[in-house]
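Q: I would like to go through this protein structure step by step. Could we begin with the charged side chains?

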Amino acid sequence: MNPPVYHSSTILFPTYKDYLNAANGESIYDVINDGVARDYSYSNVGTPTVHYLSNALAEIEGSGQALIYPSGLFALTFAILTFTKAGSHVLIQDNSYYRLKRFAENELPKRGIEVTFYDPTQDITDLIQSNTSLIMIETPGSVAFEISNVEHIVKVAKERGIVTVCDNSWATPLLFKPLDYGIDVALYAVTKYLAGHSDLLMGAIIAEGEIFKLLYESYKNYGVTIQSHDCYLAHRGLRTLHTRMKRHQNTAMEVAKWLEKHSKIKKVLYPALPSHPQHELWKSYFKGASGTFSIALDREYSCEELSCMVDHMKVFSIGASWGGCDSLILPIDRRSMSRSVMNSDYGGSFIRIFCGLEDPEDLISDLNVALARLPCLNTKTGRVKHETERITA
């Protein structure tokens, strides 16, 4: 029923010929052969448990082969290092995961790699340089949920022989398949929806052909390893992915619609809502939505005021990730957001919300009480009071 967990560093062979065959890519495991000349001679290139998971991920994606990494960030940074060298130029969305931006700003210049951060909602043609080797995409962005024009980016990249990598963690392969749109590499933080239980860190990359071979060679050369037990947990999560994603979407839609009507919410940034500025573009690419979105409050609140709102919630917990069973909430520093958001009229403080598997009525009740703890401004007197206080005219 379940693939066993292999805890072993060393693989034994009955003959030297068997060892050589394994080193040259002849699988000795009871797993599906994915057609790639992998090295099966030692566990640092994967135990049977690891290969079971990589085959399952590729099957869900519908094409390509998968490699497993110790974290989503590791997969992101590793992809950049694989397709760049000293003198290269990289395009990275300015709404990308902030740890990826930190890596790009702090580490890539040391390696002689130039970085340009681009607005995912704009034409990128004029940003391409003669030495551009890689374009990183994250759609939607995980803070303001901008949707990238994937077809435009891929067209520009293909014309110039540039590799494209898409972080598809928000949608998972169930809702969007990057490789179907000509993107070279689909990338996932398995930590989130794919594993689904907030109990492991893992990343994955799925690609095909020469692109996969380049990734796999780097994978072996750098000695990337992943623990078998973590792969077992991730494989377990895949079995309920379809059911969980349906629940996440239904709950998030119900909560988002309620928030749109709240007096202290200026904007709900959820691509599945018709009010989202790129709703039609989202529908053209995605089969559905997950359970993560952001809200812009009616005005800018202080850190203390935001703490008063989120510190005492009954169902939501404060946490930076998403994709597990339990709902999370987190105020977002506007300085970490894209230029398009910084220059927008959204105005107020941003809060990211992840709707887990709890009852949506419980989540709405929790948010209603939390929003009531935010002070409100009496437009007649200019005085700030909490809604729980009596405001006299």
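Q: Let us start with K110. Is K110 buried or exposed?
A: K110 is exposed, because its relative accessible area is 63%. Buried means under 20% relative accessible area, exposed means over 50%, and partly exposed lies in between, with a 1.4 Å probe and protein chains only.

Q: Before going on, what kind of model is this?
A: This is a predicted model, in which local features need pLDDT of at least 70 and side-chain atom pairs count only at pLDDT 80 or more, while totals for chains, interfaces and linings use all residues. Residues are numbered from 1 along each chain as its sequence is written, and side-chain values use heavy atoms, with hydrogens and water left out.

Q: Which side chain does K110 meet in a salt bridge?
A: K110 meets E107, at 3.4 Å from N to O. A salt bridge is a side-chain nitrogen of Lys or Arg within 4 Å of a carboxyl oxygen of Asp or Glu.

Q: Why would such side chains pair?
A: Side chains of opposite charge can pair when their charged atoms come close.

Q: Which residue does R111 form a salt bridge with?
A: R111 pairs with E107, and their closest N and O atoms are 3.3 Å apart.

Q: How many salt bridges are found in the whole structure?
A: The search finds ten salt bridges. One of them joins E217 and K220, whose closest N and O atoms are 3.3 Å apart.

Q: Where do E217 and K220 lie?
A: Both lie in helix α7 (residues 209-221), three residues apart, which is about one turn of the helix. Helices (H or I, at least four residues) and strands (E, at least two) are DSSP runs, numbered from the N terminus. E217 counts as partly exposed at 39% relative accessibility, and K220 is partly exposed at 27%.

Q: Changing topic to helix α2: how many residues does it have?
A: Helix α2 (residues 48-61) has 14 residues. From its first C-alpha to its last it reaches 20 Å, close to the 20 Å expected at 1.5 Å a residue. The expected span is 1.5 Å times one less than the number of residues.

Q: Why is α2 described as largely enclosed by the rest of the structure?
A: Eleven of its 14 residues are buried, so α2 is largely enclosed by the rest of the structure. The buried residues include P48, H51, L53 and E61.

Q: Now the surface. Which residues make the nonpolar patch?
A: Y16, Y19 and L20 make a nonpolar surface patch of about 320 Å². Patches are made of residues with over 30% relative accessible area and no salt bridge; like charges are joined within 9 Å, and nonpolar side chains (Val, Leu, Ile, Met, Phe, Trp, Tyr) within 5 Å. Accessible areas come from the Shrake-Rupley method with a 1.4 Å probe, and for residues only the protein chains shown count as cover.

Q: What about Y16 in particular?
A: Y16 has its place in helix α1 (residues 16-23). Y16 is exposed, with a relative accessible area of 60%.

Q: One more topic: the backbone. What is usual there?
A: Most residues other than glycine have a negative phi, and most peptide bonds are trans.

Q: Which residues does a cis peptide bond join here?
A: A cis peptide bond joins T139 and P140, with omega about -10°. P140 is placed in the loop between β4 (132-138) and α5 (150-160).

Q: What is the phi of T172, and is T172 buried or exposed?
A: T172 is not a glycine, although its phi is positive, at about 65°. T172 lies in helix α6, and T172 is buried, with a relative accessible area of 1%.

Q: And S198: what is its phi, and where does it lie?
A: S198 has a positive phi of about 55°, although S198 is not a glycine. S198 lies in the loop between β6 and β7 (203-207). With a relative accessible area of 58%, S198 is exposed.
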